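Subject: Structure handover

Hello,

Here is the structure we discussed, with notes on what was found in it. Please look through it before your next run.

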Amino acid sequence: MPEWYAVTTRIKGERTALRQLEQAGLEAYLPQYRIERFNRRLRVRKVTTLCLFPRYLFVRLDRLEDASKALGCSQVLAILPGRPHLPEPLPTRDVLALREAEAAQLLDDTDAARRRRGESTKNTLNAMRKRLTGKPVRVAAGPFTSFAGTVEAVDSLNRLKVLLDLFGRPTQVELDTAQVEEVAA
């Protein structure tokens with residue numbers, strides 16, 4: 001009975017390894033997710049597909065003898081856990097659950113996926129307000145880089161009002177969410 005195995009690949013070689021494994025007659029699966037970014041300069045939304053587990057994918061092998069086919073692909077480095085140990089099969093239900101989550105767009109961070117899941121901008125904004133208001137943050141980019149502060153308000157999905165200690169007194173500054181990192185309390 002065929003079982004799923006985790007395979008490690010060369011850096012940024014997941015998609016090439018997937019093609020090579022499929023050409024070798026093996027069933028392979030590469031979990032991917034999509035993110036949506038807005039380019040302010042060009043005023044366009046761009047959807048990017050990324051690998052969920054960089055440098056790893058799953059291959060279904062009938063027997064361990066088929067492992068030589070998988071290792072014969074130039075982008076495949078090893079079947080986990082690797083030498084000197086024998087490859088360990090993964091639970092089939094885990095791989096199938098990943099496939100179902102990807103098909104249902106549960107892993108995606110795009111407007112279309114949020115609408116499909118029933119999330120609206122209002123729900124997401126309320127969740128962000130609840131999560132960030134009153135929390136300590138650190139400014140990661142811009143003129144106030146490395147300043148620590150507290151989130152006072154969340155105006156939109158990409159704008160925050162942060163209280164920074166400037167010149168010995170708290171000053172409210174409006175920042176982009178990309179400029180701020182959450183600090184573990």
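Aromatic pairs

The structure holds three aromatic pairs, where rings of Phe, Tyr and Trp (its six-membered ring) pair if their centres lie within 6.5 Å, and planes under 30 degrees apart count as stacked, over 60 as edge-to-face and the rest as tilted. One of them joins Phe53 and Phe58, edge-to-face, at 6.2 Å centre to centre and 80° between the planes. Phe144 and Phe147 also make an edge-to-face pair, because their ring centres are 6.1 Å apart and their planes stand at 85°. Tyr29, Phe53 and Phe58 are linked into a cluster by ring pairs.

This is a predicted model: local features need pLDDT of at least 70, side-chain atom pairs count only at pLDDT 80 or more, and totals for chains, interfaces and linings use all residues. Residues are numbered from 1 along each chain as its sequence is written, and side-chain values use heavy atoms, with hydrogens and water left out.

On accessibility, buried means under 20% relative accessible area, exposed over 50%, and partly exposed in between (1.4 Å probe, protein chains only). Phe58 is buried at 10%, whereas Phe53 is partly exposed at 34%. Phe144, at 22%, is partly exposed, and Phe147 is partly exposed at 32%.

Arg99

Arg99 sits in helix H3, residues 92-103 (helices are DSSP runs of H or I, at least four residues, numbered from the N terminus). Its relative accessibility of 30% makes Arg99 partly exposed. Leaving out residues up to four places away in sequence, Arg99 touches Trp4, Glu27, Ala28 and Tyr29, contact meaning heavy atoms within 4.5 Å.

Regards

Note on methods:
Helix = DSSP H or I, 4+ residues; strand = E, 2+ residues; numbered from the N terminus.
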